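Work through the exercises below with the sequence and the model side by side, trying each task before reading its solution.

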2 protein chains.
Amino acid sequence: MEKHTAPMNKSLKINNRDKAVLMRTPFMTGLGADTLVKMMNAVTITSIPARQVVFRESMPADFFFCVLSGYVRLYRLNREGREADIRVCGPGDTFAECLIFGDDFYRFNAQAAENATLARFDMRAVRQLAEREPDAARAIMTCLSHHLLTAMDCVANDRLHTAPQRVAEYLLKSCPIDGGPASVRLPFQKSLLAGMLGLAPEALSRAFSSLRRVGVTVRGRLVQIGDVSALRDI
Amino acid sequence: MEKHTAPMNKSLKINNRDKAVLMRTPFMTGLGADTLVKMMNAVTITSIPARQVVFRESMPADFFFCVLSGYVRLYRLNREGREADIRVCGPGDTFAECLIFGDDFYRFNAQAAENATLARFDMRAVRQLAEREPDAARAIMTCLSHHLLTAMDCVANDRLHTAPQRVAEYLLKSCPIDGGPASVRLPFQKSLLAGMLGLAPEALSRAFSSLRRVGVTVRGRLVQIGDVSALRDI
DNA sequence: GAAACTGTTTGACATCGATCAACTACGAAG
DNA sequence: CTTCGTAGTTGATCGATGTCAAACAGTTTC
């Protein structure tokens with residue numbers, strides 16, 4: 001088992017790539033120059049190794065985060081210790097901002113799915129900013145709205161679609177092409193994708209197999225799609 | 001099929017019970033007197049009969065709503081027309097506020113599960129209010145946060161728990177007692193509860209049956225629980 | 001190059017829940 | 001009281017997916 005409280009490698013320095021990601025997240029775009037400075041003052045950059053736990057359910061929620069590189073899994077445990085992913089956050093995604101005006105404790109666990117760099121926001125500071133600066137409030141509302149819609153999508157997908165359909169939908173979302181052949185490179189391990197889609201790794205593997213008959217071939221992380229519009233009819 | 005655009009019975013008059021519900025929703029509590037008045041100016045009260053569609057996916061989202069009485073189902077359809085509930089809203093619940101700073105179109109369908117009274121908020125007006133009045137922004141953020149957490153709970157529950165466990169959890173949430181015997185009166189039809197829990201009506205029925213062995217008996221909408229703490233161990 | 005490790009795939013099997021159909025219970029209308 | 005319609009239950013069946021175990025592949029380590 002990992003250490004309970006994550007001893008993060010604080011690096012005060014932020015590299016340009018990470019900074020670009022941070023500035024482009026919906027949470028930061030649309031902030032006025034003034035608020036942007038104040039917001040940046042609430043941020044610490046941290047690097048964490050793969051599998052490191054960022055926080056656990058019911059820990060006091062003093063920070064929320066923005067992924068700058070790598071991926072972070074948000075998940076919950078049942079009584080027997082089985083894990084279910086709630087969301088997977090990649091570069092530019094913020095998580096746990098729902099606690100700015102919510103609970104005082106984390107409501108789920110967060111773990112780095114691979115080596116990751118995070119921007120850590122001081123919850124109190126941002127809360128104050130949100131109460132005083134309309135542009136900050138607006139950014140937060142936009143961000144929360146978007147996450148809420150995504151979460152509702154997730155519920156609907158789980159309840160309406162089979163495993164192959166969910167995989168097809170994921171592929172379609174990650175390939176901008178409208179029809180004809182395309183190829184998608186998965187940005188992470190298949191086991192992580194399985195969790196995102198609410199599947200066991202074996203089920204994801206079988207879903208990919210079943211998509212072979214509509215022209216989908218997989219080699220490692222590279223997924224070749226024979227005909228994008230055929231995928232849409234799954 | 002129901003009429004596409006709901007011709008709602010506008011009743012400018014709001015009765016005291018409905019008004020009390022409206023004032024107690026998280027969306028309205030915490031507003032200053034000034035903002036409260038402005039917010040009320042954005043509201044129209046409407047009554048709709050059971051099964052009436054409030055709005056459909058991809059319709060322009062000009063309003064969001066607060067349920068004052070009755071229940072409203074939010075749901076989405078798959079290609080074959082099968083419906084999956086995303087959320088069920090009861091008195092005091094707001095829905096579609098995620099579009100204040102989100103999309104311009106509804107992202108799901110809403111239908112009255114029974115005769116209902118709704119407060120209809122003008123999206124534009126509230127958007128302006130949210131941008132100018134910090135208390136309005138704060139109310140919206142709190143509300144969105146709460147809904148997001150609930151939606152994440154829903155995803156986790158669907159993925160972690162079986163049908164009987166979900167039913168047990170619902171019962172536990174609706175009965176404040178800590179241990180020993182208790183009774184819960186379902187506030188709506190079982191078919192609606194089934195949808196809320198992501199189950200077919202038959203599956204809900206069987207889940208209740210399977211809970212008999214832990215002392216749960218059902219007669220109509222009345223659910224008797226022999227031992228609340230036994231339910232928790234399901 | 002061999003060994004060890006991790007992630008993925010495949011097979012066999014069990015379980016859960018959806019579906020369809022038949023039956024029952026209850027409430028409303030006549 | 002009877003009839004009818006709706007909601008709910010029960011049974012039978014089927015399909016989808018989780019689980020466990022074993023085989024396999026790609027990577028890293030030595």
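**Exercise 1.** Find how the residues of the surface near DNA strand C divide by class, and which element gives the largest share.

*Solution.* The surface near DNA strand C, where near means a C-beta atom, placed from the backbone, within 6 Å, divides into 7 nonpolar, 5 polar and 5 charged residues. Here Ala, Val, Leu, Ile, Met, Phe, Trp, Tyr, Cys and Pro count as nonpolar, Asp, Glu, Lys and Arg as charged, and the others, Gly among them, as polar. Two or more residues each are given by helix H6 (190-196) and helix H7 (201-210) of chain A and by helix H7 (201-210) of chain B, and the largest share, 6 residues, comes from H7(A). Helices (H or I, at least four residues) and strands (E, at least two) are DSSP runs, numbered from the N terminus.

The model is predicted: local features need pLDDT of at least 70 and side-chain atom pairs count only at pLDDT 80 or more, whereas totals for chains, interfaces and linings use all residues. Residues are numbered from 1 along each chain as its sequence is written, while chains are lettered from A and ligands numbered from 1 in the order in which they are written.

**Exercise 2.** Describe the side of chain A that touches chain B.

*Solution.* Begin with the contacts (C-beta atoms, placed from the backbone, within 7 Å): 36 residues of chain A are in contact with 36 residues of chain B. Next, H4(A) gives the most to this side of chain A, with 20 residues.

Key. Contact = placed C-beta atoms within 7 Å.
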